[in-house]
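Trainee: I have a structure to read and I am new to this. Could you take me through it, feature by feature?

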Protein chains: 2
Amino acid sequence: MTELNPTAASLLGFLHGGEASGYELVETADLVIGDFWSLTRSQVYRELAALEGRGLVEAGPTGARSRRPYTLTNAGRAAFAAWVAQPPGPETIRYPLLLSIGFGSWIDPGALLGFVAEHRVAHAERLAKYEEMLAEPDMDKYQRATLTFGVHYESAVLAWIDSLPEILGG
Amino acid sequence: MTELNPTAASLLGFLHGGEASGYELVETADLVIGDFWSLTRSQVYRELAALEGRGLVEAGPTGARSRRPYTLTNAGRAAFAAWVAQPPGPETIRYPLLLSIGFGSWIDPGALLGFVAEHRVAHAERLAKYEEMLAEPDMDKYQRATLTFGVHYESAVLAWIDSLPEILGG
DNA sequence: CCCCTGACATGACACAGTGGACTGTCGCAT
DNA sequence: ATGCGACAGTCCACTGTGTCATGTCAGGGG
């Protein structure tokens, strides 16, 4: 029984909510974990096929629009339980803006500040979205915890961006 | 002239400092951009081969321990200059701990807090490392800017972690 | 009634990125 | 002399990304 990867494990996790197609799983995942665990349609369909091959999920009869509804098997439930008991690995961040700044001496200073300003808008929007979602009173505490991460993260990025003129100005 | 990807562009960037082998480029990159732009030996060697095929770098005569020293070509310099003029894309974060928390209802609460505690140590260490590096007075302002991001990021993660007991406790 | 649009649904493919295993070289200290 | 650790590169299987292609179905407008 090879280890599950986090993406596959997440799919099994969502399938605890009942039967779902690949399309629905992508939508759910995008919504629920998309801000800190990226996945793509292609990858999801590939994982589902692999999970089916390993007997961790089962596909029901193909429905309208060639929809393939997947359900958890007992083996799938067990594999998920084993996965969540494992300590999670370190995070990876890939932030192209930081690359640009790191190579800032080759960039026109005005252009660089322009790039930063564009990113500031995106981060401010995400912060507002998270805060709006957190205002909802009846919310699962685990989702509240991940949203709170988002708030801390976006706030930190905004604070950093606002400190840049002083650092780069001289 | 297809677009450069950020990894390939970074290698060209580092080669502005003069001739270097794949091994040295991995070391440099790990040190300078490793905290916000992950790359692996395998990928670096593959990119170098591709860059050589496109005429953006040139390999000198193979030296001791089959060392292949690469240098920038004029085309490589031009490709890098074109790349840094482009606006950088959005960041991607993949944080397995957040997945675990998102699926927290299937995890033993004590174990979950244990996972969090382990991560706290790692983040505290990185924060200390960044602050120590920032204490250095003569430092390139661009590196100072990226290190400052690190400080903001790690501080935010620590603050978030410390807010978790309250969120998850109830 | 027909056609168009947009949401639903899957898959193929090429390329990028990761992590481990493997091979070999060389300098140095015991 | 030997054996360890840093240097240097390669291969492979798998995971992840982005785009293109294909087809289905529902509902509204003409």
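Mentor: Start on one side of a helix. In H4(A), A:Asn74 and A:Ala81 are exposed. Helices (H or I, at least four residues) and strands (E, at least two) are DSSP runs, numbered from the N terminus.

Trainee: How should I treat the model and its labels?

Mentor: It is a predicted model: local features need pLDDT of at least 70, side-chain atom pairs count only at pLDDT 80 or more, and totals for chains, interfaces and linings use all residues. Residues are numbered from 1 along each chain as its sequence is written, while chains are lettered from A and ligands numbered from 1 in the order in which they are written.

Trainee: Which residues of helix H4 of chain A are buried?

Mentor: In this helix, residues 74-84, they are A:Gly76, A:Ala79, A:Phe80, A:Trp83 and A:Val84. Seen down the axis of H4(A), they fall within an arc of 130°, so they line one face of the helix. The arc is that of the directions from the helix axis to the C-beta atoms.

Trainee: What covers the buried residues of H4(A)?

Mentor: Look for contacts: two residues whose C-beta atoms, placed from the backbone, lie within 7 Å. The cover includes strand S1 (57-59) and strand S2 (70-72) of chain A, and also helix H5 (96-102) of chain B.

Trainee: How many residues does each chain bring to the contact between chains?

Mentor: Chain A brings 54 residues and chain B brings 55 residues. On the side of chain A that touches chain B, H7(A) gives the most, with 18 residues. That side divides into 33 nonpolar, 16 polar and 5 charged residues. Ala, Val, Leu, Ile, Met, Phe, Trp, Tyr, Cys and Pro count as nonpolar, Asp, Glu, Lys and Arg as charged, and the others, Gly among them, as polar.

Trainee: Which residues come nearest to DNA strand C?

Mentor: Near means that a residue's C-beta atom, placed from the backbone, lies within 6 Å of the strand. Of the 23 residues around DNA strand C, A:Gly22, A:Tyr23, A:Arg68, B:Ser38 and B:Ser42 come nearest. The surface there has 5 nonpolar, 11 polar and 7 charged residues.

Note on methods:
Buried ≥ 20, exposed ≤ 12 C-beta atoms within 10 Å, placed from the backbone.
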